[in-house]
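Please keep the sequence and the structure in view while reading.

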Amino acid sequence: YFRSLEQAGILLNKPQLEAVRYGQGPLLTLAGAGCGKTTVLAARAGYLMAVRGVSPSSILLVTFTSKAAAEMKERIAALPDIRPAAARAVQARTFHSFALALLRHQGVTEDIFGDTQAQHTVMKMLLRQLGLSEAYQPESLLAALSAWKAEGRLTHELPENGQEERDAKRVLLAYEDWKKERQKMDFDDILLRASMMLRNPAVLQPLQRRFSYIMVDEFQDTNTLQYEMVRRLAAKHRNLMVVGDDDQTIYTFNGARQESILEFDKVYKDARVITLNINYRSDARILGLGSSIVAKNRKRRAKRLVSAGREGLEPQFFTPSNPEEEAIHVVSHLLRQVEEGIVRYSDIAILHRTASGSRSIFEQLVMRDVPFIQYGAGTVFYDQSLIRPLMDHLRLALNPRRMECMPSALGPLYVPRETGMDYIQREEKKQAKKYPLIHLTRWERLRDFQQEQVKERIKLIKGLAAMAPLLAIQEMRRVFYDKYLESGDPGTWTHYKETLQESLEELETAARRFETVEEFVAFADELSKRHRDMESLRTAADGDAVSLMTIHRAKGLEFPCVYLIGASEGILPHSTALGKEPPEDLLASVTPDSQTDPEQLLEEERRLAYVAVTRAKQLLYITSPAANHGKTAALSRFLLEAYGVKPSAAPGRSEATAERAGAQASSGAQARERKARMITVPVWSCSSSTCSAWIRKDIKQSRYGRTETPAPVESAPACPLCSSVMQAG
Ligand code: ATP
Ligand code: MG
């Protein structure tokens with residue numbers, strides 16, 4: 001088997017071999033990024049079948065995403081000596097697909113209620129019925145419920161300390177009733193119910209007999225519920241193999257518990273621990289950067305990785321003045337690389353920290369006809385669920401008769417959208433109005449105060465047209481969201497609030513570029529149109545497309561060329577991890593420290609930076625915009641730390657505002673400020689006044705894993721962007 005494997009190009013190293021051939025009992029395979037954990041899992045499944053004669057259907061492989069599960073199947077099918085039917089029979093699944101299969105097998109017939117938009121609508125309706133619409137946003141309640149269930153707890157067990165918690169619980173229980181009446185279950189229910197079912201020996205025992213080998217990839221990101229399921233399933237044979245990297249725990253907000261991997265060999269006292277430390281993915285200097293970033297974390301198992309690859313090229317840095325310039329730079333740079341034949345589009349990934357952090361780069365890619373695939377969101381920023389309603393109001397301001405935009409104006413009025421639209425259209429036929437919304441003021445289904453709301457809304461829309469786009473957005477934010485954003489709604493609930501806040505800031509940044517609402521709307525419409533047309537562009541490119549995704553989505557993947565954008569304070573590390581006050585009341589008693597303790601949040605950000613850097617095989621470009629959402633943003637501390645320089649304390653909120661005021665008053669002062677920061681870093685900066693590139697000094701003698709202080713090189717290099725001479729500092 002191993003000889004055929006070698007012929008197929010996989011020459012396993014010693015610890016990899018040991019893991020693959022490991023016989024009975026619990027096994028923890030711990031390894032840094034790119035050391036072949038996933039490779040070993042697939043090879044072991046093949047080994048068990050081809051050499052040990054284990055039946056394919058008794059192997060259960062659990063992976064994190066359905067994409068990973070599909071890839072796992074492919075990898076197994078490509079192994080030597082495995083019949084296609086056998087490869088298909090291996091159970092390679094995500095936790096959810098495994099849980100769902102179990103429920104169906106047990107006769108559970110409920111429909112899956114997996115459409116987030118629909119969930120929000122239901123939640124909104126329930127909030128309205130209970131008179132709590134002002135206090136909560138549906139999204140934050142759903143997120144909290146999700147976190148709660150990830151710990152294996154039921155909704156009726158939610159805490160009831162204080163009025164806020166009691167109200168929240170009331171709504172969430174109503175949500176459970178709603179689903180029950182309609183025979184529906186959401187994704188969290190699937191996991192929770194399957195896990196409860198496994199507590200029943202009659203259900204559990206046959207499964208325990210069937211799955212004699214259980215293997216879990218990305219174990220560092222399993223939550224309590226998932227871990228419990230695995231433990232139960234493996235309790236009979238105890239052939240549980242988990243692979244993971246504690247440095248890559250990046251889903252604590254979903255309930256992932258790093259402890260599971262850190263303490264695996266305490267829970268399973270007889271567990272064998274195999275460490276893999278040869279990285280086959282990244283060139284040495286890229287790995288060196290990744291290792292020195294994550295080395296600053298305290299809560300981790302120390303590792304010393306070596307690269308099997310070449311020393312390779314130095315990661316390169318660029319500090320554009322803002323995300324707009326960053327996007328222009330990255331897209332120009334990648335186009336040049338493709339033109340010169342250095343890479344293909346599909347070799348490239350652009351990674352960003354937050355969902356809304358891709359707005360500028362997305363626009364550049366679309367406007368410059370670069371074929372790309374955006375994983376996850378996949379929609380134009382202005383069409384996303386949080387932003388769309390605001391844009392629709394602007395569209396209505398320009399043309400009050402745009403029917404397709406009207407439902408957005410109905411949403412916050414608490415009018416059932418469909419019936420509301422039907423009514424408007426019926427009345428329009430009888431008598432057309434300049435503002436068709438006005439019909440609603442005579443609709444008998446609406447109460448007086450609602451008719452008042454309609455009038456208010458029309459007044460708002462009328463006013464928007466004459467405003468500058470930025471002011472128009474700020475006005476809507478004030479009317480729609482400020483009450484909610486300012487309400488004390490702490491704990492796990494804030495996660496959604498941050499997203500909303502961030503999306504609104506991003507929208508304001510986008511709006512700033514335009515002078516009139518008309519220009520802004522025309523741009524957004526053009527972008528959507530071009531994005532729709534891109535399908536044909538991608539088809540023509542025959543799958544050769546750039547990948548655009550969040551760092552979270554990129555886990556487990558690898559690319560020859562990676563652009564990590566937004567490596568600035570406030571973005572990576574994200575502002576939520578910087579000096580946040582621990583939340584007070586709501587659910588605080590049950591929220592794990594990892595989601596509230598600033599130090600732990602910062603460590604998670606550092607792990608994200610590590611995951612991002614270690615996706616790159618040969619080329620890595622990192623950009624750090626000097627400002628974001630109009631505020632000055634310092635270079636990411638993770639970069640400064642990695643190069644042996646202590647970052648100065650992150651500016652607090654008031655300081656940042658002061659800095660913004662200062663920056664607006666004098667961009668020269670801002671430049672000096674940045675220069676002063678930069679001087680403390682051992683870098684070369686470009687001497688040309690029109691170019692702001694900088695690179696780290698060459699680290700000739702460094703061996704990654706020991707990259708602490710890069711050694712200087714004698715002669716000044718040429719600027720990688722404009723070829724001018726670089727100067728020290
Ligand atoms: P991550 O932590 O990012 O999930 P991983 O540990 O799962 O990484 P893999 O994706 O399995 O790592 O492997 C990384 C790369 O190294 C892959 O391209 C894989 O084919 C290659 N690789 C792994 N082991 C070997 C080996 N023994 N010989 C050659 N290539 C290898
Ligand atoms: Mg992997």
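Which helix gives the most to the shell around ligand 1? In this predicted model, that helix is α3, spanning residues 37-50, which gives 3 residues to the shell. The points below set this helix beside the rest of the ligand shell, and then turn to other parts of the protein.

**Surroundings of ligand 1**
- The shell around ligand 1 consists of 19 residues, and the closest of them are G36, K37, T38, T39 and Y280.
- By residue class, the shell around ligand 1 divides into 8 polar residues, 7 nonpolar residues and 4 charged residues.

**The position of S358**
- S358 belongs to the loop that runs between strand β12, residues 348-352, and helix α17, residues 359-367.
- S358 counts as buried because 26 other C-beta atoms lie within 10 Å, where the cut-off for a buried residue is 20 or more.
- When residues up to four places away in sequence are left out, S358 touches H352 and L548.
- Between S358 and N200 there are 46 Å in space, taken from C-alpha to C-alpha, and the two are 158 residues apart in sequence.

**The protein as a whole**
- The secondary structure of the protein comprises 29 helices together with 21 strands.
- Of the 729 residues in the protein, 43% are buried.
- Among the contacts in the protein with a separation of 6 or more, 78% are between residues 24 or more positions apart.

How values were computed. Residues numbered from 1 in each chain as written. Chains lettered and ligands numbered in written order. Predicted model: local features only at pLDDT ≥ 70, side-chain atom pairs only at ≥ 80, totals over all residues. Helix = DSSP H or I, 4+ residues; strand = E, 2+ residues; numbered from the N terminus. Buried ≥ 20, exposed ≤ 12 C-beta atoms within 10 Å, placed from the backbone. Contact = placed C-beta atoms within 7 Å. Near = placed C-beta within 6 Å. Nonpolar A, V, L, I, M, F, W, Y, C, P; charged D, E, K, R; others polar.
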